[in-house]
Structures are given as C-alpha cells and as structure tokens.
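Welcome! Here is a short tour of one protein chain, written for someone who is new to reading structures. Please take a look at the sequence and the 3D view before reading on.

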Amino acid sequence: MFKLSTLILAASLASVCFAQSSYQTLVKDAKTRVKEIDTDQLKKMQSSSEKFTLIDVREDNEWTAGHAAGATHLSKGVIERDIESKVPQKDVKLVLYCGSGSRSALAADALMKMGYSNVFSLAGGIGAYKSAGLPTEK
C-alpha cells in the first residue's frame, strides 16, 4: 500500500507541473492571436518616425533597473485597469514588451479583448531589445 505522505507528495508535484504547463499553455494560446514584431521591425518603426507607444509591462523593480528609452510603464498587473486613461484611442499602435515576450503576449491579448486593434508584442522582450543595441534608460 502507498503511504499517505507519498500520495500527498505525488499530488503536490503534479499540481506544480500542471501550474507550469498551464502558464505556458496560456502564453501559447495568446500568441495564436497576438501579432509579434522582432527588434529589426521595431528599429524600422523607430527610424521611420512611425507613431507608436512602447509599453513596458514588467514589474516595478524590473522597470527601475532599466527599461527601453522612451517607454511607458504599465505593468501586466495594472495594464487593463490603467490603459484607457493613458491611451484612450483604441486604434493607436502599441508595442508591448516584458522580459522575454510571454507576459507582453498575455497583456497584448487582454488589450485586444478590450478593443485595442493595433497591438503588438516584442518577441524576445527586453533581452532581445538590449542584444539589438537599442537604447535603455533608468
């Protein structure tokens, strides 16, 4: 017979594995609807003087440590609540980024559900942004 502690441990491990795969499932699902751009496309937008708003959806401490030059900070935890006061026009081009491109995809998906029609997620997030030599600030 199995011991109760063995069953509890197995259930705990299963819930941890399920939670991790659930997050990845959410991100993968969001990315089926969200348009992603890479750093080359972002550079072209910047050099063409195309109008867009760059939004950092990372946490406060990540933002404070350094962010894309000229970005607006609306963390994933508050973007749905605050976006309409910061960007009331729902057809404005928005480029969201995070650390790797997962949280920005989830946030972009939520904004699209709120009626924002021109939303993009930066593939690779701030890591790709820095690797491309794009400017940062604190």
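The report below goes through the sheet, its strands, one arginine and the salt bridges.

## Before we start

This is a predicted model, in which local features need pLDDT of at least 70 and side-chain atom pairs count only at pLDDT 80 or more, while totals for chains, interfaces and linings use all residues. Residues are numbered from 1 along each chain as its sequence is written, and side-chain values use heavy atoms, with hydrogens and water left out.

## The sheet

Let's begin with the strands. Helices (H or I, at least four residues) and strands (E, at least two) are DSSP runs, numbered from the N terminus. Two strands pair if DSSP finds at least two bridges between them. Here, 5 strands make an open sheet with parallel pairing, in the order β1-β6-β5-β2-β4. At the edges sit β1 (35-37) and β4 (72-73), each of which pairs on one side only.

Now we can walk through the sheet. Strand β2 (residues 53-56) pairs with β4 over 2 bridges, and with β5 over 4 bridges. Ile55 stands opposite Thr72 in β4, and its bridge partner in β5 is Leu96. Leu96 in turn stands opposite Ser121 in β6, where β5 and β6 are joined by 3 bridges in the parallel sense.

## Side chains and helices around the sheet

In a regular strand, side chains alternate between the two faces of the sheet. You can see this in β5: Leu94 and Leu96 point one way, Val95 and Tyr97 the other way, and all are buried. Buried means under 20% relative accessible area, exposed over 50%, and partly exposed in between (1.4 Å probe, protein chains only).

Helix α2 (residues 39-47) lies across β1, β5 (94-97) and β6 (119-122), at about 80° to β1; axes are lines fitted to C-alpha atoms, for helices over the stretch in contact (heavy atoms within 4.5 Å), and angles run from 0 to 180 degrees between N-to-C directions. Helix α5 (residues 102-113) makes a right-handed β-α-β unit with β5 and β6: with the strands pointing away from the viewer, the path from the first strand over the helix to the second runs clockwise.

## A buried arginine

Is Arg58 buried or exposed? Arg58, in the loop between β2 and α3 (60-65), counts as buried at 5% relative accessibility. Leaving out residues up to four places away in sequence, Arg58 touches several others, including Trp63, His73, Ser75 and Tyr97. Its side chain reaches the backbone oxygen of Gly66 at 2.7 Å.

Ser75, in the loop between β4 and α4 (79-86), is also buried, with a relative accessible area of 9%.

## Salt bridges

Side chains of opposite charge can pair when their charged atoms come close. A salt bridge is a side-chain nitrogen of Lys or Arg within 4 Å of a carboxyl oxygen of Asp or Glu, and by this rule the count comes to 9. One of them joins Arg58 to Asp56, with the closest N and O atoms 2.8 Å apart; Asp56 is buried too.

Another joins Arg103 and Glu62 at 2.9 Å, N to O. Arg103 lies in helix α5 and Glu62 in helix α3, so this pair ties together parts that are 41 residues apart in sequence. Asp109 and Arg33 also meet in a salt bridge, at 2.8 Å. Asp109 is buried at 6%, whereas Arg33 is partly exposed at 36%.

How values were computed:
Polar contact = N/O pair within 3.5 Å; in protein donor to acceptor, adjacent residues only side chain to side chain.
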